[in-house]
Amino acid sequence: MTRVWLRFVTESGFSSWVIRTATWSDWSHVDFVLANGNFLGARFSGGVQSRSHDYLTPSKFCYASVQVADIRKVLGWATGQIGKPYDWRAILGFGFRRDWQDPGQWFCSELVAEAFRKMDAPIVDDQSYRVTPQDDYESVRVQKEPIGSVPSWIRAMGHSF
């Protein structure tokens, strides 16, 4: 078994506040942590991309991991989504119970949840009409990591813990 690393963040801006308020979440965003030091996720600006470790300055963050049999399947599927647009319709659909599993577009927590579901190792109930960063974070499969257990290659990215 290997670990897929995730970073949950809260930012100080208005859009972060809106996301946290509308989803009753402590977190406004989630990314995959890649071994090259980049973060892979879906954002308003640019959709699904691999971004430099310093692309945002979180006001709060947490690293977590998920045990998987084959990290290449999870991250391989997720990196295959690079270039897909941000899923605005699902955000608007929160109030209308729109299915979040549209393979043509993603927002951050959908991308993460779907990557694990594709590997037959779901972290959220795929019958749910929505998935938020908080849903991903609260999964029993997501292990919140004490700072001492976060790998040195993640600590080397320059974040203060």
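Predicted model: local features only at pLDDT ≥ 70, side-chain atom pairs only at ≥ 80, totals over all residues.

Visitor: How many residues apart in sequence are the parts that the pair of F8 and W27 ties together?
Guide: F8 belongs to strand β1. W27 sits in the loop between α1 (14-23) and β2. The pair therefore ties together parts whose separation in sequence is 19 residues.

Visitor: Is F8 buried or exposed?
Guide: A residue counts as buried when its relative accessible area is under 20%. The value for F8 is 0%, and W27 has 5% and is buried as well. F8 is therefore classed as buried.

Visitor: Where does Y137 lie, the partner of W27 in a pair that links distant parts of the chain?
Guide: W27 lies in the loop between α1 and β2, and its partner is 110 residues away. Both W27 and Y137 are buried. The charged end of K144 sits over the ring of Y137, 4.6 Å from its centre. The element that holds Y137 is helix α5 (residues 133-138).

Visitor: Which element gives the most residues to the largest nonpolar core?
Guide: That core has 33 residues, and F8, F32, V74 and F116 touch the most other members. Elements that give two or more residues to this core include β1 (2-10), β5 (60-68), α2 (71-79) and α4 (108-118). With 6 residues, the top contributor is α4.

Visitor: And how many residues are in the other core, the one with W5 and I154?
Guide: This core lies apart from the largest one. V33 and F39 are also among its members, along with W5 and I154. Its residue count is 6.

Visitor: In what order do the strands of the open sheet run?
Guide: The sheet has 6 strands, and the pairing is antiparallel. Its edge strands are β4 and β6 (143-144), each pairing on one side only. Read across the sheet, the order is β4-β3-β2-β1-β5-β6.

Visitor: Why is β3 largely enclosed by the rest of the structure?
Guide: In a regular strand the side chains alternate between the two faces of the sheet. Here F39, G41 and R43 point one way from β3, while L40 and A42 point the other way, and all are buried. β3 is largely enclosed because its buried residues number 5 of 5.

Visitor: Which residue stands opposite L40 in β4?
Guide: L40 is the bridge partner of F32 in the pairing of β2 with β3, which is antiparallel over 2 bridges. β3 also pairs with β4 (residues 47-51) in the antiparallel sense, over 5 bridges. In β4, the residue opposite L40 is S50.

Visitor: Which residue in the turn between β3 and β4 has a positive phi?
Guide: The hairpin of β2 and β3 has 5 residues between the strands, and G37 there takes a positive phi near 90°. The hairpin of β3 and β4 has 3 residues between them. With a positive phi of about 95°, the residue in that turn is G46.

Visitor: What is the C-alpha separation of L6 and A64?
Guide: L6 is found in strand β1 and is buried, at 0% relative accessibility. Beyond its neighbours within four places in sequence, L6 is in contact with residues including V30, F32, A64 and V112. L6 and A64 are 58 residues apart along the chain, yet their C-alpha atoms are separated by 5.2 Å.

Note on methods. Residues numbered from 1 in each chain as written. Heavy atoms only, no water. Core = buried A, V, L, I, M, F, W, Y, C linked by side-chain atoms within 4.5 Å. Buried < 20%, exposed > 50% of the residue type's maximum accessible area, 1.4 Å probe, protein only. Helix = DSSP H or I, 4+ residues; strand = E, 2+ residues; numbered from the N terminus. Pairing = 2+ DSSP bridges. Lys NZ or Arg CZ within 6 Å of the ring centre and 35° of its normal. Contact = heavy atoms within 4.5 Å.
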